Amino acid sequence: MIRTENLRSGYIQDDVEEYLYQLLPERDAVIAEIEDYAAQNRVPIIGPAVARLMALLVEVSGAKRIFEMGSAIGYSTIWLARAAGPKGKVIYTDGDPEKARRAKDYFRRAGVAKRIEVHVGNALELVKKAPGKFDLIFNDIDKHQYPAALRVALPKLRRGGLFITDNTLWSGKAARPAPPDDIHTQGIQEFNRLVYASKELYPVMLPLRDGVTVCRKL
Ligand SMILES: C[S@@+](CC[C@H](N)C(=O)[O-])C[C@H]1O[C@@H](n2cnc3c(N)ncnc32)[C@H](O)[C@@H]1O
């Protein structure tokens, strides 16, 4: 199997998803190692299909100052840092110090440690405190916090900047009535409503893997 279980969308037909992943070029040794580790330890990562989209968006937009909310073991961070180039700066944030420790080792081995600032703590607080504005903010924290992430991230994004959020279809659950105790689905549904209602944003939701929403700040 090319598309490992941890990357399964839950709403795309298996053969179609398998096809999409088998088209992707092989990744370098460090990225491949992180993918294997994530698959074996069920660490959620965006995976290579979404990572390529992120890299493309960084490259075409020329984003250099990037803030990542929810970086885990640094898989998406490395793709962002590589796409931003030697003049790029990516702020890594995660609440779990153990994940940050592993991420730092990967950054060193991927040759991008100098482009990444590692911050352990609550991404909602860290983005508020970060000096200046960002060209691109990537949101991948716990899903019930998505409406709050939007609230705090938007003032920190420059006009024309990109706010990208993963898992906005949430295995298709976003499209169905959420049970009263499912705060994650409810958070995503509220987030999706908010971005499409916002006069400050131009959002596009892409049904790639678990759903990716790309918003441009107007
Ligand atoms: C889906 S994973 C991130 C995966 C990563 N973006 C990637 O693709 O490689 C979500 C991470 O967000 C972290 N997290 C959740 N809520 C957070 C918060 N409020 N502040 C900081 N980290 C948070 C969790 O510890 C977890 O490691």
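**Entry 1: helix H3**

I started with helix H3 (residues 47-61), which has 15 residues and reaches 21 Å from its first C-alpha to its last, close to the 21 Å expected at 1.5 Å a residue. That expected span is 1.5 Å times one less than the number of residues. Helices here are DSSP runs of H or I with at least four residues, strands are runs of E with at least two, and both are numbered from the N terminus.

A note on what I am reading: this is a predicted model, in which local features need pLDDT of at least 70 and side-chain atom pairs count only at pLDDT 80 or more, while totals for chains, interfaces and linings use all residues. Residues are numbered from 1 along each chain as its sequence is written, and side-chain values use heavy atoms, with hydrogens and water left out.

Next I looked up burial in H3. Gly47, Pro48, Ala49, Val50, Ala51, Leu53, Met54, Ala55, Leu57 and Val58 are buried. I use buried for under 20% relative accessible area, exposed for over 50%, and partly exposed for in between, with a 1.4 Å probe and protein chains only.

**Entry 2: the whole chain**

I stepped back for the overall picture. The protein chain has eight helices and seven strands. Its C-alpha atoms fill a box of roughly 45 × 45 × 30 Å along the principal axes.

Buried residues make up 53% of the 218 residues. I also checked contacts, meaning heavy atoms within 4.5 Å. Among contacts between residues at least 6 apart in sequence, 68% join residues at least 24 apart.

The accessible surface comes to about 10,500 Å², and 55% of this belongs to carbon and sulfur atoms. These areas come from the Shrake-Rupley method with a 1.4 Å probe; for residues, only the protein chains shown count as cover.

**Entry 3: helices H7 and H8**

I went to helix H7 (residues 146-153) next. Six of its eight residues are buried, so H7 is largely enclosed by the rest of the structure. The buried ones are Tyr146, Pro147, Ala149, Leu150, Val152 and Ala153. They pack against strand S1 (65-69), helix H6 (123-129), strand S4 (134-139), strand S5 (157-166), H8 and strand S6 (201-206).

Thr185, Gly187, Ile188, Gln189, Phe191, Asn192 and Val195 are its buried residues. Their cover includes S4, H7, S5, S6 and strand S7 (212-217).

I picked out Thr185, which is found in H8 (residues 183-197). Thr185 counts as buried because its relative accessibility is 1%. Leaving aside residues up to four places away in sequence, Thr185 touches Trp170, Lys173, Ala174 and Ala178.

**Entry 4: Ile78**

Ile78 is found in helix H4 (residues 75-84). Its relative accessible area is 0%, so Ile78 is buried. Not counting residues up to four places away in sequence, I find Ile78 touching Ile31, Ile34, Tyr106, Phe107, Ala110 and Val112. I also looked up Leu162: Ile78 and Leu162 are 84 residues apart in sequence and 18 Å apart in space, C-alpha to C-alpha.

**Entry 5: positive phi away from glycine**

- Arg42 has a positive phi of about 50°. Arg42 is found in the loop between helix H2 (29-41) and H3, and counts as exposed because its relative accessibility is 60%.
- Ser171 has a positive phi of about 55°. Ser171 is found in the loop between S5 and H8, and at 31% relative accessibility it counts as partly exposed.

**Entry 6: Tyr11**

Ser171 turned up again when I looked up Tyr11. Tyr11 is found in the segment before helix H1 (14-22), and at 27% relative accessibility it counts as partly exposed. Which residues does Tyr11 touch, not counting residues up to four places away in sequence? I find Leu169, Ser171, Gly172, Pro207, Leu208, Arg209, Asp210 and Gly211. Tyr11 and Arg209 are 198 residues apart in sequence and 8.7 Å apart in space, C-alpha to C-alpha.
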